[in-house]
Every structure is written in structure tokens, then in C-alpha cells.
Amino acid sequence: MTRLEQTDLEELAEKAGRELEDAPALEILRWAADTFGSRFCVTSSMEDAVVAHLASRAFPGVDVVFLDTGYHFPETIGTRDAVEAVMDVNVITLTPRQTVAEQDAEYGPRLHDRNPDLCCALRKVQPLEEGLREYDAWATGLRRDESPTRANTPVVGWDAARRKVKISPIARWTQADVDAYIAEHGVLTNPLLMDGYPSIGCAPCTRRVLEGEDIRSGRWAGRTKTECGLHG
């Protein structure tokens, strides 16, 4: 797909969202690969490699985009390195314009505590905006069961902010579906998932989740913030 056809992307996304709503995740990703080719990528937080694994089956050598914020747990970086080593994907690591030290010098230390929205904007949203410029469509691991803010996630939708097709092939999956796929295919997962972190972000803004809590309650705990800005 060329840039000349981008005026049709929104209509294409809405049509595919309706037609693929009940399709298996692999079929959704094969549609994306067939439709967009090299102008399609997967984004991964390296919480697990389920969507990257699925995409590699649909599109061997697919670009897998990872945001290295400078604040990740060592386990997250290790998961990225392992995915790059063993899966048929092309891992692309994006970094913010400023190092953590440079950001501290301009905004003061621990911006993530004082203004987490700005920190996320600088270290996540801006790098992703720049990194996605060469693509017409991107895939995420969003699931409807993760939180109320994600309950209406379409399997294929329109990312109005970035003017791109946004694909969430496992949107309809449950945690049990994810666990079953990991077990069946031996998919790499972040070791922190087994250490009380069912949702893994930057180390300063992520804590273990207590029994009975929502799986994303460990992100920005004690704040009203629930999303980093990548997904609204």
C-alpha cells in the first residue's frame, strides 16, 4: 500500500473491523500482512511475545517495535533480547530524544513522580509517533478484558491521532487464552509475570499487584492515571 492510498485507510479499517470481528487472531494478522506488507509492524512492551509470535507466523521477519524508555526493568530488556534471538522477527528499538540524564537536567529528577503524563509523552508517545511514520498499520496486544478503558477495543480500528490502521488481534482473548497459547507454543514471557507483575511498564511506575486487584492496578498506583497515552 502506498501513501497515495492513505485517504482510504479509515474506511478500510472500519470495514475490516466489522468483517474480522469474529476471526481468529492469526487470520487477522494474515489480513494485515497481505494488505500492508512492509508497511505493517507490531509493537511490543515485551510483557510477553504472544502477538509477536503470532505475527511471525503470519508474516515471517515482521518488524517488532519496542520502546526503550530508559526506565525498564532489566527483565524487560532481557525479554526483548531473547525475542530478537529466537523468533523470526526484526526487532526495532526506539528511544526518546533525550536520555534520562538529559531529561533530568531539563525537567528535574524523577519527572515520572511529579508529572507522569509529561514523562510518558516524552519517553513513550513521542518516540512512537516518530517510529511509526513509515508504517500504515500497527498491531498491539490490547485485550478487552484488561481494564474498562479497553473494553471496546476493536480487532481492527482507526487510530485517528496517528492516521493509521490499528490492529488488536487478541482483543477478544481472555487471560486464559493467552496462557493457553503461551503453553502450546512455548512463547517467551517476561519473568516478572511470575513475580506478581501481571502488567509491566517502567520500573518507577509499576508495582506488584495484590490478590484481588485489577491486573493493571500496579501501574501508576495511587494515581488516577490508567494509560500512558499510547492507546488514548
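Modeller: A residue is called buried when its relative accessible area is under 20%, exposed when over 50%, and partly exposed in between, using a 1.4 Å probe and protein chains only. This is a predicted model, in which local features need pLDDT of at least 70 and side-chain atom pairs count only at pLDDT 80 or more, while totals for chains, interfaces and linings use all residues. Residues are numbered from 1 along each chain as its sequence is written, and side-chain values use heavy atoms, with hydrogens and water left out.

Biologist: Is Cys 120 buried or exposed?

Modeller: Cys 120 is buried, with a relative accessible area of 8%.

Biologist: Which residues does the "binding site" annotation cover?

Modeller: In the unreviewed UniProt entry, that annotation covers Cys 119, Cys 120, Cys 202 and Cys 205; UniProt positions follow the numbering used here, feature names are shortened, and annotations may be inferred rather than shown by experiment.

Biologist: Why do they gather at one spot?

Modeller: They span 87 residues in sequence, yet no two of their C-alpha atoms are more than 10.8 Å apart, so they gather at one spot.

Biologist: What does Cys 202 touch?

Modeller: Leaving out residues up to four places away in sequence, Cys 202 touches Thr 69, Tyr 71, Phe 73 and Lys 124, where contact means heavy atoms within 4.5 Å. Cys 202 also counts as buried, at 11% relative accessibility.

Biologist: Turning to Thr 153, which residues is it in contact with?

Modeller: Apart from neighbours within four places in sequence, Thr 153 is in contact with Leu 142, Arg 144, Ser 168 and Ala 171. Thr 153 counts as buried, at 9% relative accessibility.
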